[in-house]
Amino acid sequence: MLGLHVMALCLHVAAVPQAERVRQMVRDARASGTPSPWGAPLFPAEMEITDIRETEGALVVQLRGLTRSPPWQREVVEELQRETLLGSAAAHEVTRPIRWERAEDGAPLWHSDARAVSGPPVVEVRKERPTGHPWGRPLAGRRIALSAGHGWLDNGGSWSTQRVRWAFTGCGACRGITEDFFTAELVTGHVIPLLENMGATVVLVREPDLSDATETLVDNGDAAYGETGTWADGTATGGWDGDYRAYPGVDGVARFDVAVGAPGRRRASARYVHGTNRNTSAVLTLHHAGGNRVFNIDQTQTGTWWMDLGEAFFDVEGAWLTWSANPAAGYLVADAVKVGGGMFAAARKPFWQMAAESYVPWSGAPADVTARGDVTIRPAFVQHVGADVYVSIHANASGVAGGSSANGISTYRYSCWAETAQYSDHTSSAGAAACDDPPGSRELLDTVHAAVLARLRQDWDPNYRDRGRLVANFGEVRELTDIPGILIETGFFDNLENPSGTPPPRYADNRTLHDPRWRDAFAHGLAEGLARYLGAGTQAPPLRPTGVRAVNQPDGTLRVAWDAVTGADAYRVYVARHERAWDEGAVVNGMVTVLADVAPGEVVAVRVAALGEGGEGFPSQAVVARRRGAHLVAHAPAELLVLQAYDRRDAWVQTVDNDLNHAVEHAEALRRVTGMDVYFDGALDEAVEQGAVSLSDYRVVDFAAGKDSAQDESVSTAMQGLLRAYRDAGGGLFISGEEIGYDLVDVSTDPADEAFLSEVLLATYVADDAETYIMQAPPTGPFSGLADLMLDDGTGGVYEVVYPDVMAPTADAEVALVYPDGRAAAVAGAGLVFLGAPLEAVVPVSSRAALLERVLRWLVPELSTGDTDLDGASDACETAYGLDPLSDVDGPLDADGDGTSNAVECQRGTSPVAAEQDGGTLPDAGTWTDAGNAQDSGSGQPDPGGAGDAPSSPSCGCGTTGHGGTPLSTAALVLLAVAAHRRKACRRTSSAPQ
């Protein structure tokens with residue numbers, strides 16, 4: 001019935017004359033009750049049409065009762081009215097251009113009297129981004145201005161957004177779309193990274209840092225600022241806080257030390273005072289927790305603005321930025337640096353949510369810019385800074401109460417309303433042939449619109465609707481003087497239900513705009529269009545690599561591999577040695593690399609980005625590993641595999657819920673596990689499903705499903721088969737995720753899914769949502785005595801756990817954790833722990849580590865400590881007696897020829913290099929006491945290491961890893977072969993802990 005109703009509505013609309021559609025859209029706009037930021041209705045109840053006439057193909061519409069706003073509100077209100085009515089025209093299928101007049105005097109409506117502002121000339125070549133993209137930097141030397149429209153505005157002491165929140169039908173726990181914030185998230189999270197990876201410098205009219213952490217700003221003259229060389233005060237105007245420093249030579253250095261309140265990822269930016277006598281190749285270096293990022297800056301170009309330097313990880317201390325000079329004529333200038341976005345004090349709101357009207361004056365723009373309202377302050381600021389192109393990004397509104405079925409993308413340029421050739425709003429860009437103001441805007445619109453639409457249809461929805469290339473009298477593009485500019489209406493945020501069409505689009509626009517996958521596709525299309533327009537290239541960067549894995553090798557190396565990406569000429573491999581402190585990456589040819597600089601025992605996270613003619617693409621999901629660094633003949637290099645399956649990204653799971661790096665939380669917990677040595681590899685789930693990584697190589701699999709659910713398959717059919725076989729062979733499985741039971745039982749129609757839950761995961765599904773963030777250990781059971789555990793409620797720094805599964809154990813399992821109401825949060829059975837919430841979202845990390853340690857003691861209680869090469873001889877013993885603690889070759893050998901292997905000697909506390917006095921009864925002259933690798937022979941007591949001791953015989957588990965050492969005899973080779981055979985038998989017959 002709904003489909004028939006929509007079809008009938010469409011047929012009815014098609015038959016309605018254009019003038020009547022305009023009358024209806026005005027009635028709808030008036031009835032919608034849409035408020036302005038200052039509370040009054042955007043369209044007053046007394047507003048009405050007094051006349052509609054047609055002139056030169058356009059409809060001239062006279063309105064009465066449209067209340068004039070106070071001057072300080074007028075610009076914003078008129079722009080919102082114009083934007084809403086243009087969206088409403090699209091929703092009502094009004095195809096004629098429209099000119100709006102005030103009925104009282106016939107004067108044009110929505111025509112701001114703001115002044116045009118001239119800016120610096122657009123310079124073709126600049127050096128403002130780091131080098132190191134050898135296969136493609138098509139936007140190198142270009143400034144791209146981005147305006148993410150709207151934001152909080154002052155409402156006489158209170159603050160209001162310019163658009164209200166809308167959420168699609170069925171949204172449930174989704175965040176909804178507020179255009180003021182959506183545009184900022186789209187620009188910062190998706191557009192800026194691609195453009196900067198293509199070599200561009202991005203000019204912004206709003207704060208780009210989405211972390212709400214307190215900003216750190218260091219000015220010259222502050223205690224955190226220092227110099228080497230003979231610097232002097234600058235004499236030009238424009239310095240932050242009224243001053244700056246200048247150096248005339250080539251060996252001076254200015255340093256800004258940055259101390260943040262808490263470790264985390266933040267954006268950095270810097271400013272300088274430009275001039276004709278400045279250094280044309282100044283070196284700006286950002287020293288962050290992951291490494292050094294280097295920029296070459298032409299300081300003759302405008303620098304009195306906060307130039308974005310990208311995102312990096314900042315520890316509480318130990319970060320700084322430096323200015324130095326390349327051998328070039330001109331003064332080197334240092335002014336101020338900033339890290340983080342912080343809060344806007346007057347509004348008590350995150351700075352990134354504030355409108356340009358707040359950000360631009362704070363940034364230090366001159367008075368002829370800051371005197372403007374929120375709409376025209378954006379292009380005026382860009383004119384002040386200078387750019388090659390200007391792109392304003394918005395979302396559309398239908399002006400219909402409750403929303404409408406209107407959907408699709410449209411792109412606008414200025415209509416030349418104030419010039420000789422006047423074109424009405426909604427005129428086709430192709431029809432406005434005599435208008436191209438500023439010059440190049442028409443070509444920019446045609447090129448970018450085509451590229452964005454093509455990419456959205458390729459990567460997102462082949463039926464994504466094209467609303468057209470149009471012109472309008474928008475203030476954002478009208479006030480540009482010599483910078484080509486366009487305004488993109490990405491979709492209708494008030495389209496809440498799946499719209500009509502044949503065939504229909506994939507989702508309602510509101511749901512689409514939520515989705516990070518759509519946002520990636522939009523960013524790729526925009527990047528490609530800009531590269532084409534600027535004549536620098538024909539394509540955007542390649543897509544994210546998949547199939548990433550980091551695997552310890554028997555030769556002691558840590559090998560990283562991934563799947564090939566179409567269009568990639570090379571790859572950049574990023575390594576983080578703690579949390580998300582990514583280094584600056586290393587370029588790799590091919591799809592394999594060895595991380596030679598990772599030390600034995602070190603924990604790392606790895607991600608990979610593809611490089612091509614279009615630049616560098618988004619990085620892959622992260623994988624984690626701990627390098628063993630031992631040469632192994634008879635043992636597997638890693639006991640555990642961190643299997644990252646959490647790749648869900650949709651309208652409910654946005655970037656804030658999944659930054660694709662949550663394997664890091666698992667690694668940080670494993671790093672803190674005490675009392676046992678755990679070496680681990682990491683892989684994405686597709687690498688396992690494709691056979692690039694075998695589960696049978698590991699004693700434990702840590703399967704991270706995160707928020708994966710029905711659409712994303714928490715555990716795919718292929719993975720279910722692999723995990724079942726792994727468990728049948730005796731492997732230990734720890735699986736965690738918040739919608740596994742819901743996916744396998746509540747929404748699945750395949751009986752095999754529920755069978756997997758009961759037979760492999762030893763659980764039955766009880767409920768979708770425990771409605772709590774607390775998990776507790778019962779008085780008895782495998783985790784008894786464990787302190788209460790907290791799940792992230794959205795403030796814990798990971799992501800909010802919205803729907804933790806409630807389960808019950810089967811007859812072969814027991815309750816391991818409960819929610820406060822006593823229902824099961826986790827079950828444990830032979831070789832299994834199943835947690836109904838994501839491990840990574842257990843906060844803080846100390847609690848996560850405590851839980852994971854209990855899990856490992858349940859699954860593999862015999863893991864040893866202090867024996868890196870697994871040969872049965874502790875590292876300390878081997879080091880003390882000159883054996884190799886990184887080779888399992890020497891453990892089974894008998895260095896002193898007394899008939900007892902080196903490993904057993906170390907376990908007994910006797911010397912492996914001095915023969916026993918009577919051939920085996922009396923101890924030799926050794927004084928070694930084993931540090932905990934095994935129970936001492938004959939003592940009847942454990943040695944000081946206690947729990948975790950390895951078996952004292954070289955049967956299952958006693959092998960060694962290493963390189964170098966004593967040449968092997970024939971007997972030793974036979975012994976190694978026997979040990980390898982026994983290891984294989986162990987792996988086949990290993991069972992659950994007793």
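**Strands, sheets and helix packing in a predicted model**

Biologist: Which residue is the bridge partner of Tyr574 in strand 32?

Modeller: Arg607 in strand 32 is the bridge partner of Tyr574. This is a predicted model, in which local features need pLDDT of at least 70 and side-chain atom pairs count only at pLDDT 80 or more, while totals for chains, interfaces and linings use all residues. Residues are numbered from 1 along each chain as its sequence is written, and side-chain values use heavy atoms, with hydrogens and water left out.

Biologist: How many bridges are there between strand 29 and strand 32?

Modeller: Seven bridges join strand 29 and strand 32 (residues 603-612), and the pairing is antiparallel. Strands pair here if DSSP finds at least two bridges between them, and the elements themselves are DSSP runs numbered from the N terminus, with helices being H or I over at least four residues and strands being E over at least two. Strand 29 also pairs with strand 30 (residues 586-588) in the antiparallel sense, over three bridges, and there Val573 stands opposite Ala586.

Biologist: Is strand 29 enclosed or open?

Modeller: Strand 29 (residues 570-576) is largely enclosed by the rest of the structure, because seven of its seven residues are buried; buried means under 20% relative accessible area, with a 1.4 Å probe and protein chains only. Ala570, Arg572, Tyr574 and Ala576 point one way, Tyr571, Val573 and Val575 point the other way, and all are buried.

Biologist: Stepping back, how many helices and strands does the chain have?

Modeller: The protein chain has 20 helices and 46 strands. Of its 994 residues, 59% are buried, and the chain exposes about 35300 Å², of which carbon and sulfur atoms supply 52%; these areas come from the Shrake-Rupley method with a 1.4 Å probe. Among contacts (heavy atoms within 4.5 Å) with a separation of 6 or more, 74% join residues 24 or more positions apart.

Biologist: Which strands form the open sheet with mixed pairing?

Modeller: That open sheet has seven strands in the order 7-4-22-26-23-25-24. Its edge strands are strand 7 (201-204) and strand 24 (427-428), each of which pairs on one side only. Strand 4 (residues 143-148) pairs with strand 7 in the parallel sense over four bridges, and Ile144 stands opposite Val202 in strand 7.

Biologist: What lies across strand 22, strand 23, strand 25 and strand 26?

Modeller: Helix 8 (residues 441-459) lies across those four strands and runs at about 170 degrees to strand 23 (409-414). For such values, axes are lines fitted to C-alpha atoms, for helices over the stretch in contact, and angles run from 0 to 180 degrees between N-to-C directions. Helix 8 also packs against helix 11 at an angle of about 145 degrees, with their axes 7 Å apart. Residues of helix 8 that meet helix 11 include Leu444, Val448 and Ala451.

Biologist: And at what angle do helix 4 and helix 11 pack?

Modeller: Helix 4 (residues 179-197) and helix 11 (residues 516-533) pack at about 55 degrees, with their axes 9 Å apart. That makes helix 4 oblique to helix 11, since angles under 35 degrees count as roughly parallel, over 145 as roughly antiparallel, 65 to 115 as roughly perpendicular and the rest as oblique. Among the residues of helix 4 that meet helix 11 are Phe182, Leu186 and His190, and those on the helix 11 side include Trp518 and Phe522.

Biologist: Now to strand 44, is it covered or open?

Modeller: Strand 44 (residues 824-829) is mostly covered, with six of its six residues buried.

Biologist: What about strand 44 and strand 45, how many bridges do they pair over?

Modeller: Strand 44 and strand 45 (residues 832-835) pair over four bridges in the antiparallel sense, with Ala828 standing opposite Val833. These two strands form a hairpin with two residues between them, and Gly831 in the turn has a positive phi of about 70 degrees.

Key
Buried < 20%, exposed > 50% of the residue type's maximum accessible area, 1.4 Å probe, protein only.
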